[in-house]
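Biologist: I would like to learn how to read a model of this kind feature by feature, with the general idea put before the particular case. Where would you begin?

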Amino acid sequence: MRVLLTGTSYFPEFSAGTEVYMRYVSRYLMEHGDKVWIACGGNEHQGLCTEAKWSRCDSNFEGIQVSRVVRNASRGALSDHFIRKDSERYAIWERLFEEVAPEVVFTVGRGPALMGDVEQVARKVGVPVVATLIHPDQVCPKGPRLDAWGKGCMRALSAETCSACLVGSRSAVPGLHWALKALPAGRLENSLPQSGFAGRLRTALLLPRMVNGFLHYWQELRETVSLFVAHSEPARELLLTNGVPVSKIRLSAPGLEPRESAARVRRTTGPVNFGFVGRPCAEKGVRTLVKAWRLLERDLAAELHLWGNPHTGEPNVVASIEALVASDQRVIFHGPFARGQTSSVYDSIDVLVVPSEWFDNCPFVISEAFAAGVPVVGADFGGISSMIRHEVDGLLFPMGDARCLARALLRLAGSPQTVQALARNTRPPRDARDHVQELRGFFEEARGRATVC
């Protein structure tokens with residue numbers, strides 16, 4: 001089977017959970033004798049001529065052909081994230097399909113480089129598409145599935161609700177969305193400067209039309225995709241809420257690649273080592289973790305170890321980590337680590353903290369922690385809620401609530417026995433090969449549907 005696997009980005013430019021997922025799906029598909037090509041977005045400053053808005057850069061990574069559809073940053077626009085209309089980009093995807101001649105397309109996430117063109121070209125040439133909801137941005141024009149007040153959102157997409165949310169989030173001007181209804185649309189926004197309050201007003205005028213473009217894209221996606229793969233029950237719920245028929249949804253947890261690591265015996269004495277593993281950015285909840293840690297007593301027998309690449313994080317979040325490290329000797333910022341060091345990272349901590357502040361679908365860090373027998377404290381939203389069994393193999397706290405997180409950390413720091421009990425209840429995740437075997441079945445089912453149609 002010839003599979004075109006498309007995603008937001010890929011190694012070596014980026015190496016987060018989505019890229020790890022695409023990597024093992026590719027490898028295990030090839031173990032079955034399938035041929036895999038990867039096409040994704042790319043670094044906006046790499047391999048571009050001065051005139052073209054879009055360019056294609058080809059490379060080979062670990063024996064797999066990787067084609068990157070790269071946007072020229074100097075010609076990019078906000079509308080690229082919302083509206084599927086770009087003939088230059090579409091032509092690049094047409095050529096890719098001609099060269100690859102896929103029998104099935106598997107899409108993972110979206111972005112400006114993949115704004116609907118993949119599915120439309122596939123539909124044009126009669127190739128079935130299977131899509132996974134690994135990122136919430138497929139069903140959220142803003143991306144994280146949080147409302148304008150930072151609360152988790154499981155509502156259906158709508159022009160009114162999503163426009164108000166986006167305007168409120170981007171403008172920081174309360175009630176601006178409602179005031180805009182009294183203003184004339186059309187050329188007004190083009191006459192406004194792009195900075196200051198007028199710039200926010202200009203963006204606010206544009207966003208409702210961009211949301212309508214996104215809703216049109218989502219409608220096309222629902223019609224074009226043969227099957228949607230939900231990695232968690234909340235993801236399945238999100239698809240159903242947003243109009244995907246149950247007959248098109250398949251639930252399949254992604255699992256984890258097996259690792260060789262002897263489970264160590266958890267200590268019942270001494271300081272409890274808490275750990276954070278991930279990109280140091282707001283959506284991962286790092287600022288809430290820093291706030292929670294500052295609420296704890298300075299003489300508490302606990303340490304906080306953080307792993308993440310500061311160069312891929314957000315400067316203000318990294319600065320908050322560095323300030324905490326400078327003021328508290330119990331906090332250690334280790335920085336990035338190689339994939340081969342994953343086992344040693346989890347074996348060095350007693351509790352993993354996953355305070356994500358977005359719809360985190362199926363964080364691999366939770367699976368990695370459970371594989372190492374490490375319990376998890378996580379934010380109660382999205383896929384995290386379905387992965388952690390509260391009071392069994394971890395604790396859940398309200399997303400973004402630093403005080404509740406601090407109470408959870410305080411409870412565990414004061415009771416290593418509780419940490420050990422939670423650790424005993426952790427269960428290893430499913431083998432990723434089982435998930436890929438299910439995917440192959442979904443691919444065949446999608447091809448059968450296409451043949452019938």
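Modeller: Let us begin with burial, for which one cut-off is needed: a residue counts as buried when its relative accessible area is under 20%, and as exposed when that area is over 50%. Please keep in mind throughout that this is a predicted model.

Biologist: With that cut-off in hand, how many residues of helix 11 are buried, and which are they?

Modeller: Seven of the eight residues of helix 11, which spans residues 364-371, are buried, so this helix is largely enclosed by the rest of the structure. The buried ones are Phe364, Val365, Ile366, Ser367, Glu368, Ala369 and Phe370. Their cover includes helix 1 (17-31), helix 10 (342-347) and helix 12 (383-387), together with strand 9 (272-277), strand 12 (351-354) and strand 13. After helix 11 comes Gly373, with a positive phi near 75 degrees.

Biologist: Strands were among those elements, so in what order do the strands of the open sheet run, and what is the sense of their pairing?

Modeller: The open sheet is built from six strands in the order 11-10-9-12-13-14, and their pairing is parallel. Its edges are strand 11 (331-335) and strand 14 (394-397), each of which pairs on one side only. On average, and with direction ignored, neighbouring strands in this sheet are turned by 20 degrees against each other.

Biologist: Which residues stand opposite each other in these pairings?

Modeller: Strand 13 (residues 376-379) pairs with strand 14 in the parallel sense over four bridges, and there Ala379 is opposite Phe397 of strand 14. Strand 9 and strand 10 are likewise parallel partners, over six bridges, with His305 in strand 10 as the bridge partner of Gly275. Strand 10 is also mostly covered, as five of its six residues are buried. Across strand 10 (302-307) and strand 11 lies helix 9 (residues 315-327), which runs at about 135 degrees to strand 11.

Biologist: Turning to helix against helix, at what angle do helix 8 and helix 13 pack, and how far apart are their axes?

Modeller: Helix 8 (residues 286-294) and helix 13 (residues 402-413) pack at an angle of about 60 degrees, and their axes are 8 Å apart. An angle of that value makes helix 8 oblique to helix 13, and the crossing of the two is right-handed. Helix 8 contributes Thr288, Leu289, Lys291, Ala292 and Trp293 to the contact, while helix 13 contributes Ala402, Leu405, Ala406 and Leu409. Sorted by class, this contact of helix 8 with helix 13 has seven nonpolar residues, one polar and one charged.

Biologist: What should I expect of backbone geometry in general, and where does this model depart from it?

Modeller: As a rule, most residues other than glycine have a negative phi, and most peptide bonds are trans. In this model, the peptide bond from Phe11 to Pro12 is cis, with omega near -5 degrees, and Pro12 belongs to the loop between strand 1 (2-7) and helix 1. Ala101 has a positive phi, near 50 degrees, and Arg145 has a positive phi near 65 degrees.

Biologist: Where do Ala101 and Arg145 lie, and is each of them buried or partly exposed?

Modeller: Ala101 sits in the loop between helix 2 (87-100) and strand 5 (104-108), and its relative accessibility of 36% makes it partly exposed. Arg145 is in the loop between strand 6 (129-132) and helix 4 (159-171), and with a relative accessibility of 3% Arg145 counts as buried.

Methods. Residues are numbered from 1 along each chain as its sequence is written. This is a predicted model: local features need pLDDT of at least 70, side-chain atom pairs count only at pLDDT 80 or more; totals for chains, interfaces and linings use all residues. Side-chain values use heavy atoms; hydrogens and water are left out. Axes are lines fitted to C-alpha atoms, for helices over the stretch in contact, and angles run from 0 to 180 degrees between N-to-C directions. Angles under 35 degrees count as roughly parallel, over 145 as roughly antiparallel, 65 to 115 as roughly perpendicular and the rest as oblique. A crossing is left-handed if the near helix is turned anticlockwise from the far one by less than a right angle, and right-handed if clockwise. Contact means heavy atoms within 4.5 Å. Ala, Val, Leu, Ile, Met, Phe, Trp, Tyr, Cys and Pro count as nonpolar, Asp, Glu, Lys and Arg as charged, and the others, Gly among them, as polar. Two strands pair if DSSP finds at least two bridges between them. Buried means under 20% relative accessible area, exposed over 50%, partly exposed in between (1.4 Å probe, protein chains only).
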